[in-house]
Amino acid sequence: MMSVRMWGPGVGAVAVLLATGVWARWPAGVDTRLWSEVRPVVEARLVAQAGGSGYGESVPALRAKWFCRAEALDLRENGDRVRAGVDTLCLEYGVRDGALVECGGSHFPQVVRLERATDGGYRVVAQEEPPDGAGNAEWEGNHFSFVAESRLDDTGTPAALETAARAHFGLPAGAPVEDC
């Protein structure tokens with residue numbers, strides 16, 4: 001017969017693994033209907049802000065363009081106002097010799113505040129992002145819930161942006177990605 005000393009730590013380890021699994025799958029609480037309404041507005045704002053700031057834009061032959069993606073980490077609606085905590089990824093792509101060329105990019109969290117416009121859509125009324133340099137962890141802790149903060153950096157894959165850029169430039173799906 002096995003003693004409690006032998007199987008006790010094993011049971012404890014299993015409990016920790018189960019709790020971790022539940023925490024990792026914790027529902028984000030993001031209203032998908034609302035996010036589908038505000039996401040295009042947030043992403044258009046990101047593209048507009050990125051424009052003119054990349055190396056590729058200074059090389060006309062590349063025909064560089066910015067592509068941005070935002071992933072909702074938390075989303076709250078209060079009347080006609082929305083607070084969206086998002087993880088953003090913007091990459092500048094061009095094209096050279098049949099290849100997609102990545103020339104620059106940025107990846108950081110933001111809090112975007114939107115307001116319903118008279119046409120029924122939304123408009124951005126404020127944006128907050130972490131300060132440059134040190135202190136981002138503190139900023140993130142002050143602006144995101146624990147669950148949302150834990151998901152930061154999990155959403156920054158460029159695959160969707162590469163696909164959109166290839167389509168924009170008329171490149172095949174398997175076109176390679178090179179550095180600028």
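Ground rules come before the structure. The model is predicted, so local features need pLDDT of at least 70 and side-chain atom pairs count only at pLDDT 80 or more, while totals for chains, interfaces and linings use all residues. Residues are numbered from 1 along each chain as its sequence is written, and side-chain values use heavy atoms, with hydrogens and water left out.

Start with the overall layout. The chain has 5 helices and 5 strands. Helices here are DSSP runs of H or I with at least four residues, strands are runs of E with at least two, and both are numbered from the N terminus. Read from the N terminus, the order is α-α-β-β-β-β-α-α-α-β. The chain holds 180 residues, and 34% of them are buried. Buried means under 20% relative accessible area, exposed means over 50%, and partly exposed is in between, with a 1.4 Å probe and protein chains only. Now contacts, meaning heavy atoms within 4.5 Å. Take those between residues at least 6 apart in sequence: 62% join residues at least 24 apart.

Next, helix α2. It spans 32–50. How far does α2 reach from its first C-alpha to its last? The answer is 26 Å over 19 residues, close to the 27 Å expected at 1.5 Å a residue. That expected span is 1.5 Å times one less than the number of residues.

The helix does bend. The angle is about 35° at Val38, and Pro40 follows within four residues. The bend is the angle between two fitted axes, one through the seven residues ending at that position and one through the seven starting there.

At the start of α2, a side-chain oxygen of Asp31 comes to within 3.0 Å of the backbone nitrogen of Arg33. After the helix comes Gly52, with a positive phi near 85°.

What does α2 pack against? Its buried residues pack against β1, β2, β3 and β4 (122–128). Those buried residues include Leu34, Trp35, Val42 and Leu46. Arg39 and Glu43 are also among them.

Let me stay with Glu43. It counts as buried because its relative accessibility is 16%. A polar atom of its side chain lies 2.9 Å from the backbone nitrogen of Ala70. For reference, a polar contact is a pair of N or O atoms within 3.5 Å; within protein, one must be able to donate a hydrogen and the other to accept it, and residues adjacent in sequence count only if both atoms are side-chain atoms. Leaving out residues up to four places away in sequence, Glu43 touches Cys68, Arg69 and Ala70.

On to the rings. Phe, Tyr and Trp rings, the six-membered one for Trp, pair if their centres lie within 6.5 Å; planes under 30 degrees apart are stacked, over 60 edge-to-face, and the rest tilted. How many aromatic pairs does this rule give? The count is 2. Phe67 and Tyr93 make a tilted pair, 6.0 Å centre to centre with 55° between the planes. Phe67 is in strand β1 and Tyr93 in strand β2, 26 residues apart. Both are buried.

Phe67 and Phe169 make an edge-to-face pair, at 6.4 Å and 65°. Phe67 lies in β1 and Phe169 in helix α5, so this pair ties together parts 102 residues apart in sequence.

The charged end of Lys65 sits over the ring of Phe67, 5.0 Å from its centre. The rule asks for NZ of Lys or CZ of Arg within 6 Å of the ring centre and within 35 degrees of the ring normal.

Leu161 in helix α5 (residues 159–169) belongs in this part of the talk. Is Leu161 buried or exposed? It is buried, because its relative accessible area is 4%. Beyond its neighbours within four places in sequence, its contacts include Phe67, Leu91 and Tyr93.

Most residues other than glycine have a negative phi. Arg63 has a positive phi of about 55°, in the loop between α2 and β1 (65–78). Asp97 has a positive phi near 50°, in the loop between β2 (81–96) and β3 (99–116). Asp97 counts as exposed because its relative accessibility is 79%.
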